[in-house]
Amino acid sequence: MRFTILPSPLLLFATWFVLQAAAAPAASSHVLTPQDFKQTIADGVWFIEHFSPYCRHCRNFEPTWNRVVDKFEKTPEVGVHLAQVNCALNGDLCTENGVTGYPQMNLYRNGQFVETFTKDRDFDILVDFLLARAEPTANSLPAPTAVEQKEMAAEIVPVDEDSVIQVSQAESNPSGEVISLTSETFDDFVAQAPTFVKFFAPWCGHCKKLAPMWIQVARRMQHKLNIAEVNCDEFKSLCSKQGVTGYPMLFYYSHGAKTEYSGSRKYEPLVAFADKAASPNMQQISARDLDKVVHENPVAYVLLLSSSNEHIVTEVAKDSQLLLGSPPIFVSSSKELFTRYDIPMTESWAVLAFKDNDPKEPTSVFDSSTSDTLSTWLFANRLPASLELSRDVFQQVMNAPHNPLVVIAATPNDAQSDVSSKLNNIAKKWRLRKSYVGKQDVIFTWMDADQWGSWMKSMYGVKVNHQPKVVIADHSRLVYWDRDGTGQPIQLNAVSIFSAIEGVYGNKIHSKHSENILERFIRVFNSSLKSTEGFIIAHPYMAVLLILGFLAAVVVSIKKLLDDDTDLRSEHRYNKGGRLD
């Protein structure tokens, strides 16, 4: 007979102690518990790793985490604190903090959640991430040395005697929260300051995924940029008026104009866009700075002022707001620049566009004689002579407000460098021609055929093998041309491409549709429905009268048909059928 020996209380305690030790966190950083978590992170910037000792990824990440902790503990003046939460022991706290996997690192500022770290868990990436969000105090910053003071003084360039006046901006988003707008509050709110607005529907799955990210963006842009939202289920007429065609849609509003955000809906791209929108987009320079800034930017604008004029600076700043700082606008009142670029001193101001890092001659000049509005001119000249047509710039190029012709060279992967160089030279030669002035703008682009091959084939019937294929597209009308003026396929050389463009200008070559007949019919039908909907929203009373008039006409027509039918029956009833009696 065998007896089962029950474990003693001492053995149970030892086993519990071993399990707790196995679940112990890394000793390099402070470990928080539900009792001290909120109190600890209440002041300053805290970066918290939520982990489980049983998680393989956590164990692999531990050496990197320890290096990061060691770096910031040695430099406490930077203003970032690091700690951990053991989710195996404190699961409720991790759930409360929104932890969905291990390891998850959250950033907190003064007790409030800011964002979750979503990049690669690499030492350098983590350090850069934290330094960008650190909040060092003024007292903790080391004073500059004599050498550093001398270098900083050398970097400050004195301006001309007629210095321009910088545009001041009122503080935005003081609470760091998403503002819910209504039909009554929308116009006044977006008119007060630049605003990034999300149009959504509560039932939309993509909207639900974006919602927590949008809150994080609002927190990040506190005191920088207004972040708002509109519930399109509640305010359908407002969303329709703003051109909302799907959910979610994001628009940036500034000084009475708007632009659609069509980039990634992830946190980093959203914040990058918002940061750019909130950043000052005009910088003052002197004549000797011009070559440097043009060499540093593929496209740069320079506002020349013959004298200090706050009104002009303000108006240019408003018109350029939707450029979001790209390309940058520089301001100068240097008389030397007026002389260098043959701008009459009688002109109170002018804006010069420089492309391809060439400061010798502006590609275009906007002054009092220009027929376009400044905002239209800025958009028309904002792109370099040639560029890669990637996902990041696709909307800017193909759906540009001035509806340009786009030369597209579909390029195999092994020829991209050569094609890019050739296309840039062709674009520069085209810029020197005067025949395009006053006509539809032309943008020269190349596309990665390996990545965009199926799209090129479906849109333009282009199949790339070993040689690049060239088409000219007018995306605003969804038409394209693949033949030059001689009737031959367009080749990657200046003669063939220029012949095709001139043929388009003169309507000498026939365009092809990017859509089939059914797709064109559906697009026209949808466009008609949108136009009708827009008319009804803009003119509700007139729409009601037209509908009533249409119904009345239908009723009158039906009544007339019925009356005619009754008369015919009456005639038939009294007809004797040709009988002689």
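This is a predicted model: local features need pLDDT of at least 70, side-chain atom pairs count only at pLDDT 80 or more; totals for chains, interfaces and linings use all residues.
The protein has 581 residues, and 41% of them are buried.

**The big picture**

- If you take the contacts in the protein with a separation of 6 or more, 72% of them link residues 24 or more positions apart.
- UniProt has an unreviewed entry that lists residues 538-558 as a "transmembrane region".
- In the model, that stretch, residues 538-558, is 95% helix and 0% strand.
- From one end of residues 538-558 to the other, the C-alpha atoms sit 31 Å apart.

**Helix 16 against helix 18**

- Helix 16 covers residues 416-432 and helix 18 covers residues 494-505; their axes come within 10 Å and cross at roughly 50°.
- Angles of 35 to 65 degrees fall between roughly parallel and roughly perpendicular, so helix 16 and helix 18 count as oblique to each other.
- The crossing of helix 16 past helix 18 is right-handed.
- On the helix 16 side, look for I426, K429 and W430.
- They meet A494, I497, F498, I501, E502 and Y505 in helix 18.
- Sorted by class, this contact between helix 16 and helix 18 has seven nonpolar residues, two charged ones and no polar ones.

**Helix 8 against helix 10**

- Another pair to look at is helix 8 (residues 205-220) with helix 10 (residues 267-278), which pack at an angle of about 40° with their axes 10 Å apart.
- Helix 8 also passes its partner, helix 10, in a right-handed crossing.
- Helix 8 brings L210, M213, W214, Q216, V217 and R220 to the contact, while helix 10 brings Y267, L270, V271 and D275.
- The residues where helix 8 meets helix 10 split into seven nonpolar, one polar and two charged.

**Cis peptide bonds**

- As background for this topic and the next one, most peptide bonds are trans, and most residues other than glycine have a negative phi.
- Y102 and P103 are joined by a cis peptide bond, with omega at about -15°.
- To find P103, go to the loop between helix 4 (91-96) and strand 4 (104-109).
- There's a cis bond from Y247 to P248 too, with omega near -15°.
- P248 lies in the loop between helix 9 (236-241) and strand 9 (249-254).

**Positive phi away from glycine**

- N173 isn't a glycine, yet its phi is positive, at about 50°.
- You'll find N173 in the loop that runs between helix 6 (146-155) and strand 6 (179-180).
- The relative accessibility of N173 is 3%, so this residue counts as buried.
- D356 is another residue other than glycine with a positive phi, here near 60°.
- The loop between strand 14 (349-355) and strand 15 (364-366) is where D356 sits.
- D356 has a relative accessible area of 14%, and because the cut-off for buried is under 20%, D356 is buried.

Key:
Residues are numbered from 1 along each chain as its sequence is written. Side-chain values use heavy atoms; hydrogens and water are left out. Axes are lines fitted to C-alpha atoms, for helices over the stretch in contact, and angles run from 0 to 180 degrees between N-to-C directions. Helices (H or I, at least four residues) and strands (E, at least two) are DSSP runs, numbered from the N terminus. Angles under 35 degrees count as roughly parallel, over 145 as roughly antiparallel, 65 to 115 as roughly perpendicular and the rest as oblique. A crossing is left-handed if the near helix is turned anticlockwise from the far one by less than a right angle, and right-handed if clockwise. Contact means heavy atoms within 4.5 Å. Ala, Val, Leu, Ile, Met, Phe, Trp, Tyr, Cys and Pro count as nonpolar, Asp, Glu, Lys and Arg as charged, and the others, Gly among them, as polar. UniProt positions are given in the numbering used here, feature names are shortened, and annotations may be inferred rather than shown by experiment. Buried means under 20% relative accessible area, exposed over 50%, partly exposed in between (1.4 Å probe, protein chains only).
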